[in-house]
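Please keep the structure open while you read, and take the points in order.

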Amino acid sequence: GDGEQGFMDLIKAISLVAVIIFLARKGVPVALRHIVHTRNRELFLVSILVICFVTAFVTYELGLKLALGAFLAGLVISESEFSYDALSNILPLKEIFTSIFFISIGMLLSTGFFVSNLPMVLTWFGVLVIIKALIIVGVVMLLGYPVRVATMTAVGLAQIGEFSFILAKTATSQNLLSDSDYQRFLASAILSMVATPFFIKAAGRIGYAAQSIFARKANGLEAISAENAESELDPGCQVVIVGYGLNGRNL
């Protein structure tokens with residue numbers, strides 16, 4: 001496209017991100033602190049929503065994506081000291097919007113195309129899930145976690161992520177992806193999401209199986225079983241967390 005216009009869009013985007021970062025560090029925490037002192041839970045929730053919608057609207061008016069604005073709004077709120085309070089208030093809304101999102105994704109699928117191209121869809125599904133799982137295993141192990149944790153994480157996150165739908169739709173609108181390829185991707189992505197609960201349920205068993213195969217003691221001769229790993233914990237170094245709400249789970 002027009003090189004000059006693209007350069008101006010880039011400058012605009014960089015300037016916007018700079019302003020957002022400034023507000024995240026200086027403005028929003030102060031505003032939220034005053035709102036929290038009112039002890040009005042509804043006002044706090046409304047304020048969080050206003051920050052999200054205003055940020056998204058401003059980015060859209062500047063020619064950028066609504067999704068980028070929503071993402072930046074999340075960053076702004078997460079930088080404040082009240083991020084966990086905001087999250088606990090937003091969680092019920094998150095469940096509703098997530099449900100609507102997945103229903104709308106399902107409505108994009110052509111069932112006729114899915115049935116007539118089932119072997120190809122299953123191939124895409126298998127290849128994409130395996131590639132993503134292998135990447136996650138490598139990343140988690142590079143971060144220093146054991147094989148069991150890396151495998152469980154990979155199995156639990158092997159599905160095609162939601163942001164991929166945005167990328168695929170953009171690619172289709174720019175003629176980088178044909179309609180048939182888009183439908184194949186959509187079908188395989190939905191199939192991976194349907195399989196996710198079963199993946200998560202099996203993740204523990206798969207993780208322990210991987211550990212029994214790959215995890216060895218320092219001399220590389222004896223495999224460490226899950227029971228041995230647990231028995232080596234010092235019983236005197238245990239903490240009891242009373243309450244299993246949002247912050248309890250984080251702990």
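**Notes on the predicted model**

1. **The main core.** The largest nonpolar core has 14 residues, and L32, F44 and I48 have the most contacts inside it. Helices α1, α2 and α3 each supply at least two residues of this core. The largest share comes from α1, with five residues. Keep in mind that this is a predicted model. In soluble globular proteins, nonpolar side chains tend to be buried together.

2. **F44 and its contacts.** Start with F44, one of the residues with the most contacts inside the core. Set aside its neighbours within four places in sequence. F44 is then in contact with L32, I35, V36, F82, D85, A86 and N89. Find F44 first, then pick out these partners one by one.

3. **I35.** This residue lies in helix α1, which covers residues 3-37. Is I35 buried or exposed? I35 is buried, because its relative accessible area is 17% and the cut-off for buried is under 20%. Not counting residues up to four places away in sequence, I35 touches L43, F44 and S47. V155 is another matter: I35 and V155 are 120 residues apart in sequence, and their C-alpha atoms are 42 Å apart in space.

4. **A second core.** There is also a second, separate core of 13 residues. Among them are V121, L186, A187 and I190.

5. **Helix α6.** How far apart are the end C-alpha atoms of α6? The helix has 25 residues, 118-142, and at 1.5 Å a residue it should span 36 Å. Its end C-alpha atoms are 36 Å apart, so the two values agree. After α6 comes G144, with a positive phi near 100 degrees.

6. T151 lies in helix α7. T151 is buried because its relative accessible area, 12%, is under the 20% cut-off. Leaving out residues up to four places away in sequence, T151 touches V137, I206, G207 and A210. L157 sits in the loop between α7 and α8. L157 is partly exposed, with a relative accessible area of 43%. Apart from neighbours within four places in sequence, L157 is in contact with K132 and I136. L157 and E79 are 78 residues apart in sequence and 26 Å apart in space, C-alpha to C-alpha.

7. **The largest pocket.** The volume of the largest pocket is about 1800 Å³. Of the 35 residues that line this pocket, the closest to its centre are L66, A67, A70, F71 and F97. Which helix gives the most to the lining? Helix α4 does, with 11 residues. At least two lining residues come from each of α2 (41-61), α3 (66-78), α4 (83-108) and α8 (163-173). By class, the lining has 25 nonpolar, six polar and four charged residues.

8. **S104.** Helix α4 also holds S104. At 33% relative accessibility, S104 counts as partly exposed. Compare its position with A70, one of the residues closest to the pocket centre. S104 and A70 are 34 residues apart in sequence and 19 Å apart in space, C-alpha to C-alpha.

9. **Two positive phi values to check.** Most residues other than glycine have a negative phi. R39 has a positive phi, near 60 degrees, and is not a glycine. R39 is found in the loop between α1 and α2. R39 is exposed, with a relative accessible area of 78%. N175 is also a residue other than glycine with a positive phi, near 60 degrees. N175 is found in the loop between α8 and α9. At 71% relative accessibility, N175 counts as exposed, because the cut-off for exposed is over 50%.

Note on methods. Residues are numbered from 1 along each chain as its sequence is written. This is a predicted model: local features need pLDDT of at least 70, side-chain atom pairs count only at pLDDT 80 or more; totals for chains, interfaces and linings use all residues. Side-chain values use heavy atoms; hydrogens and water are left out. On a 1 Å grid over the protein atoms alone, a cavity is a set of points where a 1.4 Å probe fits but cannot get out, and a pocket is an open set with protein on both sides within 12 Å along at least five of seven lines; lining residues have an atom within 4 Å of a point. Grid points are joined across faces, edges and corners, and a volume is the space filled by probe spheres set on the points. Helices (H or I, at least four residues) and strands (E, at least two) are DSSP runs, numbered from the N terminus. Ala, Val, Leu, Ile, Met, Phe, Trp, Tyr, Cys and Pro count as nonpolar, Asp, Glu, Lys and Arg as charged, and the others, Gly among them, as polar. The expected span of a helix is 1.5 Å times one less than its number of residues. Buried means under 20% relative accessible area, exposed over 50%, partly exposed in between (1.4 Å probe, protein chains only). Contact means heavy atoms within 4.5 Å. A nonpolar core is a set of buried Ala, Val, Leu, Ile, Met, Phe, Trp, Tyr and Cys residues joined through side-chain atoms within 4.5 Å.
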